[in-house]
Amino acid sequence: MSASPFLRSFAPETWSYARKFREFMGPPFRLDQELRTGTSAVLSHRDKYELLAAIATDLAARIDRDEVELDTQGYSPALGTRSFAALFETLVAEQYGILDGLRRAATSVFENVRNLPQGSTKRFFELAGRGVYGTPRADHPLAAAFPELTMALAQAHGSWFPLLRQVRTLTTHGEIGSCYRDRAGVAISYRHRAIREVFVPDAVHWLNETSAHIFQLTELFYRGCYLALEPAERAMACGMHNGLLYERFVSPSPAISLNDGRCLSRGWFEIRPGAECPMRLSCSAYLRPVPQLEREAHYGVISRS
């Protein structure tokens with residue numbers, strides 16, 4: 001029977017700061033429900049956005065069929081453009097979901113800052129734009145980073161955030177808008193007629209641009225959070241191989257990589273032939289095994305001597 005591949009789960013060099021913070025979340029931050037839920041929301045909505053964006057790329061080709069149906073039949077149910085409009089609005093909702101998560105996490109971290117709103121992402125940006133926030137205490141781990149965050153929120157409120165919120169508000173409980181691709185070009189426009197008309201001339205470009213702004217904003221916040229973490233070790237899964245779980249002890253560090261930490265599993269697979277870690281020749285953590293007594297204490301093993 002052929003060996004299964006090593007399913008690596010510890011790949012911090014590919015993780016965003018938001019992902020790094022979620023994996024190592026701890027002191028000096030108070031781990032309340034808002035911080036946990038907000039951070040998970042940022043990552044889950046970002047992941048869903050990326051999956052749906054890939055589907056939207058494929059769906060864009062369906063718009064050409066609408067044009068062919070119009071040319072050959074004089075009528076088209078416009079399944080492609082209607083589907084793209086619905087997906088466009090779903091992508092906007094996912095982007096706003098990321099910002100909701102950011103607001104929940106930030107209001108937890110800066111819970112004692114004056115005028116920081118609870119429960120309203122709109123006011124989270126709006127009040128930053130008005131410059132009415134207080135300041136964190138001098139001993140707060142992110143006291144120096146708070147002005148940069150509020151400036152970024154204010155800039156967002158003065159540029160890309162209002163249109164994002166408007167589209168999200170119109171479409172959350174309303175009708176689907178419409179999309180159209182001009183035959184003279186490749187841009188797909190989006191339009192929604194409600195109390196106020198919303199028009200996005202290049203929907204794909206706007207989504208990509210807004211997504212980049214949101215990523216930069218969330219990474220600004222979580223970079224500060226991650227770098228402020230206390231360097232406490234914790235057990236973390238490295239991956240799976242042939243049904244076995246491989247782990248390490250590792251602490252957060254600015255340039256964390258596969259080579260950081262101490263191998264927690266080496267003592268087990270060294271006494272089990274064929275269970276050696278496939279990454280052992282390329283991972284420096286293998287050269288730093290966790291001593292037996294420490295490993296057994298971690299797993300709650302009672303030594304028999």
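A disulfide is a pair of cysteine sulfur atoms within 2.5 Å. The structure described here, a predicted model, holds 0 disulfides.

**Cysteines**

The sulfur of Cys283 has its closest cysteine sulfur in Cys238, at 6.3 Å, which is too far for a bond because a disulfide requires the two atoms to lie within 2.5 Å. Cys283 has a relative accessibility of 9% and so counts as buried, the limit being under 20%. Cys225 is also buried, with a relative accessibility of 0%.

**Overall form**

The protein chain contains 10 helices and 7 strands. Its radius of gyration is 25 Å, whereas the globule rule gives 19 Å for 305 residues; the chain is therefore more spread out than a compact globule. Taken along the principal axes, the box filled by the C-alpha atoms is roughly 85 × 60 × 25 Å.

Buried residues make up 44% of the 305 in the protein chain. The accessible surface of the chain is about 16,400 Å², and carbon and sulfur atoms account for 54% of that surface. When contacts between residues at least 6 apart in sequence are considered, 63% of them join residues at least 24 apart. The protein chain carries 35 positive and 33 negative side chains, and 4 Å separates the centres of the two sets.

**Backbone features in loops**

Most residues other than glycine have a negative phi, and most peptide bonds are trans.

The peptide bond from Pro27 to Pro28 is cis, and its omega is near 15°. Pro28 sits in the loop that runs between helix H1 (17-24) and helix H2 (33-59).

Two asparagines have a positive phi. For Asn115 the angle is near 75°, and for Asn242 the angle is near 50°. Asn115 belongs to the loop between helix H4 (79-109) and helix H5 (121-130), while Asn242 belongs to the loop between strand E5 (234-241) and strand E6 (244-250). Asn115 is partly exposed, because its relative accessible area of 37% falls between the 20% and 50% limits. Asn242, at 41%, is likewise partly exposed.

| Residue | Phi | Relative accessible area |
|---|---|---|
| Asn115 | near 75° | 37%, partly exposed |
| Asn242 | near 50° | 41%, partly exposed |

Ala156 is part of helix H6 (residues 146-157). With a relative accessibility of 1%, Ala156 is buried. Beyond its neighbours within four places in sequence, Ala156 makes contact with Phe125, Phe161 and Pro162. The C-alpha atom of Ala156 is 8.8 Å from that of Leu217, a residue 61 positions away along the chain.

Ser189 is located in strand E3 (residues 188-192). Its relative accessibility is 13%, so Ser189 counts as buried under the 20% limit. Leaving out residues up to four places away in sequence, Ser189 touches Ser178, Cys179 and Tyr180 on one stretch of the sequence, and Phe199, Val200 and Pro201 on another.

Notes: Residues numbered from 1 in each chain as written. Predicted model: local features only at pLDDT ≥ 70, side-chain atom pairs only at ≥ 80, totals over all residues. Heavy atoms only, no water. Helix = DSSP H or I, 4+ residues; strand = E, 2+ residues; numbered from the N terminus. Rg over C-alpha atoms; globule rule 2.2 N^0.38 Å. Buried < 20%, exposed > 50% of the residue type's maximum accessible area, 1.4 Å probe, protein only. Contact = heavy atoms within 4.5 Å. Areas by Shrake-Rupley, 256 points an atom, 1.4 Å probe, with all protein chains shown as cover. Lys, Arg positive; Asp, Glu negative; His and termini not counted. Charge placed at Lys NZ, Arg CZ, Asp CG, Glu CD.
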